[in-house]
Amino acid sequence: MARTALVTGGSRGVGQGVATALLADGWTVYVTSRRGTGPDGTIALACDHTDDDAVAGVFETIARDAGGLDLLVNNAWTSPEGFGGFSDTFWERPVDDWDTLIGVGLRAHYVASVHAARLMVPTGRGLIASISSFGSRGHLHSVLYGMSKAALDKMAFDMGHDLDGTGVTAVSLWPGLIRTELLLSLGVDEFAGFSLQRAEDPEFVGRVIAALADDPALADHNGRTLVTAELGIAYGVTNNDGTPPDSHRGAFGGGPLFPPDGGPARAIS
């Protein structure tokens with residue numbers, strides 16, 4: 001029986017790659033996007049993740065049509081107006097940057113996780129994975145960007161506490177530089193000091209998530225923040241060209257902050 005996944009913000013970029021990889025791994029994949037589009041083979045649902053009723057409707061549809069949910073990948077994200085906002089100081093930016101970077105980049109993940117847990121906990125299984133960032137550890141892009149990512153890591157940690165013993169696992173994931181179509185279109189060899197040749201393909205992130213979901217010791221990761229490049233090494237997952245991407249752990253001064261003791265996850269110890 002095919003397992004069912006939902007990838008929020010799955011019409012492009014990381015979300016598109018994750019959805020594509022999960023589909024190739026045999027999952028039934030639902031994706032959300034504002035226009036209701038997604039990769040071929042997925043079930044695309046239109047959803048504005050600032051509308052709680054619309055989000056609830058997505059999960060009602062999945063419960064009705066698929067009978068349940070095994071994996072939620074929280075990926076929905078909206079950039080502030082004028083993506084160049086990341087080059088300005090916080091006091092030079094409009095305060096309504098909060099509405100995108102926190103309202104969508106954080107709150108939307110929480111709302112989706114609530115609905116996912118309501119479907120998963122009664123079945124005693126499931127994985128809630130939120131796409132976070134090394135911006136939790138060191139400065140990246142902007143104040144609000146870093147705030148949202150650090151909060152996602154703490155969210156997974158505290159959700160892990162509540163989910164302990166239920167069979168459902170919550171994690172936060174730190175991908176490195178991602179070779180999205182937009183980034184590749186720039187025609188550069190590096191971005192923000194990182195090599196594109198050693199960056200991660202969007203599909204790589206999806207294959208890592210699929211491997212994580214299949215891990216018999218998945219519960220050992222509950223509440224943890226995990227580095228996708230390091231999980232790739234542990235699980236034998238590579239980029240589309242067969243090469244392993246780099247972890248940015250060293251560039252940002254260390255690894256995840258949760259759990260607070262800094263203990264490594266079992267798969268990357």
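Contact, in this talk, means heavy atoms within 4.5 Å. Hi everyone, let's walk through this structure together.

What we have is a predicted model, where local features need pLDDT of at least 70, side-chain atom pairs count only at pLDDT 80 or more, and totals for chains, interfaces and linings use all residues. Residues are numbered from 1 along each chain as its sequence is written, and side-chain values use heavy atoms, with hydrogens and water left out.

The pLDDT, the predictor's confidence in each residue from 0 to 100, averages 92 for the chain, and 96% of the residues score at least 70. Over residues 264-269, though, the value is below 50. Where pLDDT is low, the predicted coordinates should not be read in detail.

Now the sheet. Strands here are DSSP runs of E, at least two residues, and helices are runs of H or I, at least four, numbered from the N terminus. Two strands pair if DSSP finds at least two bridges between them. Seven strands make an open, parallel sheet, ordered β3-β2-β1-β4-β5-β6-β9. At its edges are β3 (43-46) and β9 (225-227), each pairing on one side only.

Let's look at β6, residues 168-174: three bridges join this strand to β9. Leu 173 stands opposite Leu 226 in β9. Helix α5 (residues 143-163) lies across β5, β6 and β9.

Which strand holds Thr 169? That residue sits in β6. Leaving aside neighbours within four places in sequence, Thr 169 contacts several residues, including Gly 126, Ile 128, Leu 163 and His 221.

Definitions and conventions: Axes fitted to C-alpha atoms, helices over the stretch in contact; angles between N-to-C directions.
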